[in-house]
Amino acid sequence: MYKDTIDRVMEKYQGNPQEILEMLLDIQEEEKYLPKEALSCLAEKLDIPVARLYRIAKFYEALSLKPMGDCQVHVCTGTACHVRGAPRILDELSQQLGIKAGEVTPDQSFGLKTVSCVGACALGPVVVVNGEHHGDMSALKVSKMLKQYAEELKEKEKKQA
């Protein structure tokens with residue numbers, strides 16, 4: 001099931017074990033997390049212990065061993081964002097999605113996570129969804145933002161059907 005993904009990643013990085021982190025990030029981008037089957041397959045192809053991949057995956061906050069959702073919502077909780085209202089935004093996202101930070105909606109559409117800093121302090125508070133920065137965020141803007149991404153997911157599903 002994950003063999004095609006692993007083969008593409010191995011080809012992209014020419015099987016270079018020094019590129020493990022990049023390989024893991026690419027696999028996660030495609031699969032939305034790092035499934036154990038994918039890690040086992042990659043370890044076998046790289047001829048390294050699978051435990052090494054698990055150590056890397058657990059060390060880096062950007063990597064996840066559990067599903068993260070199709071839309072990954074990251075709320076910056078760095079100092080600048082915090083003082084500008086990040087806790088209220090996180091509360092609003094939690095309420096509207098029905099999940100807490102670190103969880104995924106039951107339909108796997110949205111995953112919610114806090115991050116220490118996204119490096120866009122002047123835009124704070126910042127919410128990053130699938131790599132797209134939403135600066136000057138407020139609790140009032142959350143609903144519109146979530147609606148936009150929900151509509152994009154529906155369109156994507158229609159195209160795949």
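I looked up the largest pocket first: α2 gives the largest share of its lining, three residues. The model is predicted, so I note that local features need pLDDT of at least 70, side-chain atom pairs count only at pLDDT 80 or more, and totals for chains, interfaces and linings use all residues. Residues are numbered from 1 along each chain as its sequence is written, and side-chain values use heavy atoms, without hydrogens and water.

**Largest pocket.** I read about 260 Å³ of space here. A pocket is an open set of points on a 1 Å grid where a 1.4 Å probe fits, with protein on both sides within 12 Å along at least five of seven lines; lining residues have an atom within 4 Å of a point. α2 (20-31), β1 (71-76) and β2 (110-115) each supply at least two lining residues. Helices (H or I, at least four residues) and strands (E, at least two) are DSSP runs, numbered from the N terminus. Among the lining residues I find Leu25, Glu61, His74 and Lys113.

**Second largest pocket.** I read about 190 Å³. It has 16 lining residues, and Ser64, Lys66, Met68, Gly102 and Lys113 lie nearest its centre.

**Helix α6 (residues 86-97).** I checked burial next. Ala86, Ile89, Leu90, Leu93, Ser94 and Leu97 are buried (under 20% relative accessible area, 1.4 Å probe, protein chains only; exposed is over 50%). Seen down the axis of α6, the buried residues fall within an arc of 135° (directions from the helix axis to the C-beta atoms), so they line one face. Arg88, Asp91 and Gln95 are exposed on the face turned away from the buried side. Gly98 follows α6, with a positive phi near 75°.

Note on methods. Points joined across faces, edges and corners; volume = space filled by probe spheres on them.
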